[in-house]
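Thanks, everyone; I would like to walk through one structure this morning, going from a helix to the aromatic residues and then to a few loop positions. Please have the sequence and the model open while I talk.

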Amino acid sequence: MLDKIIISDIERLEEKYRQKLQQFVFEPLTSGCITETRHAHIVNEIRQLDVWALQETDRVLLSMEGSTPYTICFGFRPSRFHLGHLTLAREIAWHLTHGASVCAIVAGTEAGNRCSDQRAQEKVMEFWELVRFFAPDAVSEPIVFGDASNGALQMACDAIARSVTMHKILQLYGWSVGEPVALIQGAIVNAATYLLPNLVVPGLPWVNLTDINQVAHAELARLSAKRLGWPLPGFFLRKLLPSLRGIQERMSGKDAKSVIFLDEGEEVIRKKFKKSVSGGRTNPDDQRRLGGDPLMCSFFHSSQTLLDMDEKKRMATACMNGDVLCGECKRQSVPKLLDTQRRLRVVS
């Protein structure tokens, strides 16, 4: 039943972002997708990591299947860790178990706080403790970059600036000529991070771990690679966790009521889970008769970051079969979630 929920969620995202997927040529991982016909087993595993769409990934998928070397690249802003970071940490941990090497970029420019390589190393290694929580036996550590003065990243920025016209950038992002130069510079830096593995670990296939909000940067990187004659970057799009207040909004560290931070006290987390939007029916009789909808439930989306696969399946099945009401589901699940959060606080 959990597999059906995952596919249904991908279909929901496909419908929501259909225009972007078509414009930027991403393939959603719905059942029977083109990629699945070539890499069915590995694609099913990737779906369970909350990855829902791919681009230019055949070489990387072959490497995963054959346990041959490949590289993953990820970036994040230096910020307070929350449940959303766990989806990225779990995805990275899975890649480590498949033999990937890792490039990590701390994206300070976009946040208005450019980050030195030393500061970037500190922030990534803090995050790396979360990765080790999911892959305790992994020995690989990331190659870390800040975006302040790194030579390889600057080379990638210069290559993009030479290969793409201003008109094309404005068209790609839907901007006007009145936009600040800093906005364009930020876009070039973000796109350059997606090309960085080609310079620092040349010869290996690589994939960038990102989300739907970054697809314009991905396309800028892709266009530049084509014009430079470089290998095309690959991309995995992972789901963004919805807000605790409802699936229409995304969880954001800028909105404390929408998110659960990993360093919050247990009572604060307990109250946030209790108040989070659920996917139940309007009355108990309908809930028992028709079952709930985990895809409409912010509590379910948040909980799955802290539960193992068996617990996710149990929780989803009980909901959809109408075996539990929403309040009972929370009473059963929250102690398990808090137990995981305690262990995460130790490592983070």
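Let me begin with helix 7, residues 151-163, which has 13 residues and reaches 18 Å from its first C-alpha to its last, close to the 18 Å expected at 1.5 Å a residue. The expected span of a helix is taken as 1.5 Å times one less than its number of residues, and helices (H or I, at least four residues) and strands (E, at least two) are DSSP runs, numbered from the N terminus. This is a predicted model, in which local features need pLDDT of at least 70 and side-chain atom pairs count only at pLDDT 80 or more, while totals for chains, interfaces and linings use all residues. Residues are numbered from 1 along each chain as its sequence is written, and side-chain values use heavy atoms, with hydrogens and water left out.

Which residues of helix 7 are buried? They are Ala152, Leu153, Ala156, Cys157, Ala159, Ile160 and Ser163, where buried means under 20% relative accessible area, exposed over 50% and partly exposed in between, with a 1.4 Å probe and protein chains only. These residues cover an arc of only 160 degrees around the axis, which puts them on the same side of helix 7; the arc is that of the directions from the helix axis to the C-beta atoms. The face turned away from that buried side carries the exposed residues Met155 and Arg162. What covers the buried residues of helix 7 includes strand 5 (143-146), helix 9 (181-200) and helix 10 (215-228), with contact meaning heavy atoms within 4.5 Å.

Helix 14, residues 309-320, can be read in a similar way: its twelve residues should span 16 Å at 1.5 Å a residue, and its end C-alpha atoms are 17 Å apart, which agrees. Its buried residues are Lys312, Met315, Ala316, Ala318 and Cys319. Seen down the axis of helix 14, they fall within an arc of 165 degrees, so they line one face of the helix.

Turning to the aromatic residues, the structure holds eleven aromatic pairs, where rings of Phe, Tyr and Trp (its six-membered ring) pair if their centres lie within 6.5 Å, and planes under 30 degrees apart count as stacked, over 60 as edge-to-face and the rest as tilted. One of them, Phe81 with Phe127, is tilted, at 6.1 Å centre to centre and 50 degrees between the planes. This pair links distant parts of the chain, with Phe81 in the loop between strand 3 (70-76) and helix 5 (83-97) and Phe127 in helix 6 (residues 117-134), 46 residues apart. Both Phe81 and Phe127 are buried, and ring pairs link Phe74, Phe76, Phe81 and Phe127 into a cluster.

Phe74 and Phe127 come up again in the largest nonpolar core, where, of 108 residues, Phe74, Ile92 and Phe127 touch the most other members. Such a core is a set of buried Ala, Val, Leu, Ile, Met, Phe, Trp, Tyr and Cys residues joined through side-chain atoms within 4.5 Å.

Finally, some loop positions. Asp50 has a positive phi of about 70 degrees although it is not a glycine; Asp50 is found in the loop between helix 3 (34-47) and strand 2 (51-55), and is buried, with a relative accessible area of 11%. Pro233, in the loop between helix 10 and strand 7 (234-238), is buried with a relative accessible area of 0%.
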